[in-house]
Amino acid sequence: MLSSDNSRRCCEHVITVERVGIRFHFDRHRRVVTPNAARLRVATSMTWGLRDVTFSVSPGEGVALIGPSGSGKTTTLRVLAGVYTPDEGHVLVRGRVGSLLSTDAGLLSLLTGRENALLLGVLGGLSRKESKRALESVKERSGLGDAFEYPVSAYSQGMRARLGFAVVDEAEPSILLLDEVHEALDHEFRSIVHERAKRLVEAGGVVVATGHDHPLLELLCSRAIYLHQGSIRADGPFSEVQSVYFDHVPAVTAVTHT
Amino acid sequence: MHRLRAAVDLLHALTEADLRFRYGRGPLRLLRWLLEPFALVGVYLVLVTFVLRRPGEAPGLSLAAAILPFQLVMATVTNAMVALDIRRPILLNMSFRRNLIPVSAALTESMSFSASFLLVVVMMAAYRVAPTPMLLWLPLVLLVSFYLAVAAAYAASLLGIWLREFRPFLLSFVRMLFFLGPGLVPLSQTSTSVRRLLELNPFTGLFESYRDIFLTGRTPAAWQLIYPVAIASLVLAVFVPLFHAEQRQFAKVL
């Protein structure tokens, strides 16, 4: 439960993350197991994927999560999407969330684009009728043409991202979560994503994105959060936080500045 | 009301996707649904008639009456054990009511279960067994079968995640229940001492109920339906709360 002070503060924010921690338990073969399964096994270990993470996002903000691989960017997005439930701390997300958190874009490979769009629409909160009605629009938005009727296993990574984004966009989310997916898109669709994200932020929505293509992220987000080993190292305007990140990773600085 | 409608829509969408995932599309799907029960009845018919030499009355129909409900539960367990793995991309991408996944696994296999009733029709025709008013009991017996399948699905989904390396063993355990029940021969053909033990198997009541409805024309005894319901309720009482508590961790282990 949040205290009354915190509750008041929460109401100004679309996203409030307070001292969130995410734990991962491993068995002796280093496979992730649930905490209950860990209790049944011998020689298990535990590590924190996120620890003591606190931030909030106000309406109309674009926030980039930056940091090296394994720093907790995807984990943070999954917490915001409700995929992970915090093992400690609290998360409050107000609004309809649209998420693209993997290059699979949540698509099942044996289903066609149309079948996936129908399923994702219902999973995303639309009724079956609404989801069916939206199919032609999703087909058009995705720009996949006849490929929409083919199994997704035949799609390239970019085509998957196009379909995933078209489904998310159709549901008109007020919070858009993008995990590196937009980096897999071709230039034409990338500009569509930018335009949509910009319009969402201007309308008081929120975009939280991760990735390693910083110029691309900066176009979407004016603010950045630098994560390192599951904790926040810096939070502020994009260019300032990026500098802090580069100061901590000299090799990156060298490559980027040449 | 809105929540219920959303749950129905979600179940519909999950089941439709699962059907395509597991059984493909088009008329070949029906063939796949029919092939396994027909093949099983064929193999066990040879076993009962020529090897065990205990064919009894209309052995093909008697076997079909046991194989049909057993296949529903067996296929549901097989499906449920990998149901979370199959849905990995969506489980890692968004939040939704994950505790409906086992019900969806049972619904998917119910479709193939419904199609395989053609086997019973064929067997009744082959043995010239006329339908009796006992067919009116069928909806209730179907409901009990589905209830047992749902219970098995919750247990299998969770055990499939907790004990991945023991999945083949779990399947063998369920398969064993067919032979530790009156699957091959009716209960009446077993010895009295063994009968008491066989009645502990939740499949026993179901097998006998289907035989009563399709073959002997008797009213299913109350225990035949109450006992599987009691066992299923016990399994649900244990595994639904566990599933609910564990589902928040699923995305981590997939």
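Let me turn to the overall form of chain A. The chain has eleven helices and ten strands. Its radius of gyration is 19 Å, close to the 18 Å that the globule rule gives for 258 residues, so chain A is as compact as a globular protein of that length. Along the principal axes, the C-alpha atoms of chain A occupy a box of roughly 50 × 50 × 45 Å. Of the 258 residues in chain A, 45% are buried.

Next, the confidence of the prediction. The average pLDDT of chain A is 87, and 91% of the residues score at least 70. Two stretches of chain A call for caution. Over residues 1-10, the pLDDT stays under 50, and the model shows six contacts beyond four places in sequence for them. Residues 254-258 of chain A also have a pLDDT below 50, with one contact in the model beyond near neighbours in sequence.

Finally, I come to the contact between the chains. How many residues does the contact take from chain A and from chain B? Chain A supplies 31 residues and chain B supplies 21. On the side of chain B that touches chain A, the elements giving two or more residues are α1 (2-23), α4 (88-91) and α12 (250-253) of chain B. The largest share of that side, seven residues, comes from α1(B). By class, this side of chain B has twelve nonpolar, four polar and five charged residues.

Thank you for your attention.

Notes: Residues numbered from 1 in each chain as written. Chains lettered and ligands numbered in written order. Predicted model: local features only at pLDDT ≥ 70, side-chain atom pairs only at ≥ 80, totals over all residues. Helix = DSSP H or I, 4+ residues; strand = E, 2+ residues; numbered from the N terminus. Rg over C-alpha atoms; globule rule 2.2 N^0.38 Å. Buried ≥ 20, exposed ≤ 12 C-beta atoms within 10 Å, placed from the backbone. Contact = placed C-beta atoms within 7 Å. Nonpolar A, V, L, I, M, F, W, Y, C, P; charged D, E, K, R; others polar. pLDDT = per-residue confidence, 0-100.
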